[in-house]
Amino acid sequence: LTSIKDNTFKGCANLRSVDLTPDNLCHIGFNAFRGCSSLEEINLGDKIESIYDYAFYECIKLRSVHLNSNVLEIIGKMAFYHCESLEELNVGSAIKEIEYRAFDSCIKLTNITIPQSCKANRIFDSKPIKDDDEKYIPYTLEPISESIQPIKGISVIPVRKDIVTKD
């Protein structure tokens, strides 16, 4: 098994956890787990190179993604869209690109580690976190230093392309 094909588990409402740790699994396909509304945890192996567009789209209970990969290069557009229970993610040091709105509407995501060399443009939702909250999730993460540290509290810092803030 080298990949989870497009639409493989799409809409599997009763799927709760997945362990994808075979040594040769490299790709998570387009819409692979889209709409798996009960999926809470997924363990991806250490050879994952790509997570394609919409792979975990609307997995609203997904809270834990174990990415052990040092070869993950790309997270596709809207890959984790509306994963509203997702709180933390380390994408590894090999990541080259995180595409548009990959983490849009991940309202609990407060800690993400992204290396300086990664192209990550408009990966978050730009709307207020809550109607009564004036805090915004940043559109773009720009490099701030030679080795970027985990960005904590991203849901509480406004970041524009011309202004970069870190705790």
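**Close-up 1. Lys-96 and Glu-73 make a salt bridge.** In this predicted model, the closest N and O atoms of Lys-96 and Glu-73 sit 3.7 Å apart. The two residues come from distant parts of the chain, 23 residues apart. Look for Lys-96 in the loop between strand E8 (88–90) and strand E9 (97–98), and for Glu-73 in the loop between E6 and strand E7 (74–75). Is Glu-73 buried, exposed or something in between? With a relative accessible area of 37%, Glu-73 is partly exposed.

**Close-up 2. Lys-119 pairs up with Glu-97.** This is another salt bridge, with 4.0 Å between the closest N and O atoms. Here both partners belong to strands: Lys-119 is in strand E11 (residues 119–120), and Glu-97 is in strand E9. Again the pair links distant parts of the chain, this time 22 residues apart. Lys-119 is exposed, at 52% relative accessible area, because anything over 50% gets that label. Glu-97, at 26%, counts as partly exposed.

**Close-up 3. Glu-40 reaches Arg-63 from loop to loop.** The closest N and O atoms of Glu-40 and Arg-63 are 3.6 Å apart. Both residues are partly exposed: Glu-40 has a relative accessible area of 30%, and Arg-63 comes in at 44%. If you're wondering what brings such partners together, side chains of opposite charge can pair when their charged atoms come close. Searching the whole structure turns up four salt bridges, and the Glu-40 and Arg-63 pair is one of them.

**Close-up 4. Strands E2, E4 and E6 line up in an open sheet.** There are three strands here, in the order E2-E4-E6, and their pairing is parallel. Who stands at the edges? Strand E2 (17–20) and E6 do; each has a single partner strand, so one side of each is left without a neighbour in the sheet. On average, and ignoring direction, neighbouring strands of this sheet are turned by 5° against each other.

**Close-up 5. Zooming in on E4 and E6.** How many bridges join these two strands? E4 and E6 pair over four bridges, in the parallel sense.

Key. Residues numbered from 1 in each chain as written. Predicted model: local features only at pLDDT ≥ 70, side-chain atom pairs only at ≥ 80, totals over all residues. Heavy atoms only, no water. Salt bridge = Lys/Arg side-chain N within 4 Å of Asp/Glu carboxyl O. Buried < 20%, exposed > 50% of the residue type's maximum accessible area, 1.4 Å probe, protein only. Pairing = 2+ DSSP bridges. Axes fitted to C-alpha atoms, helices over the stretch in contact; angles between N-to-C directions.
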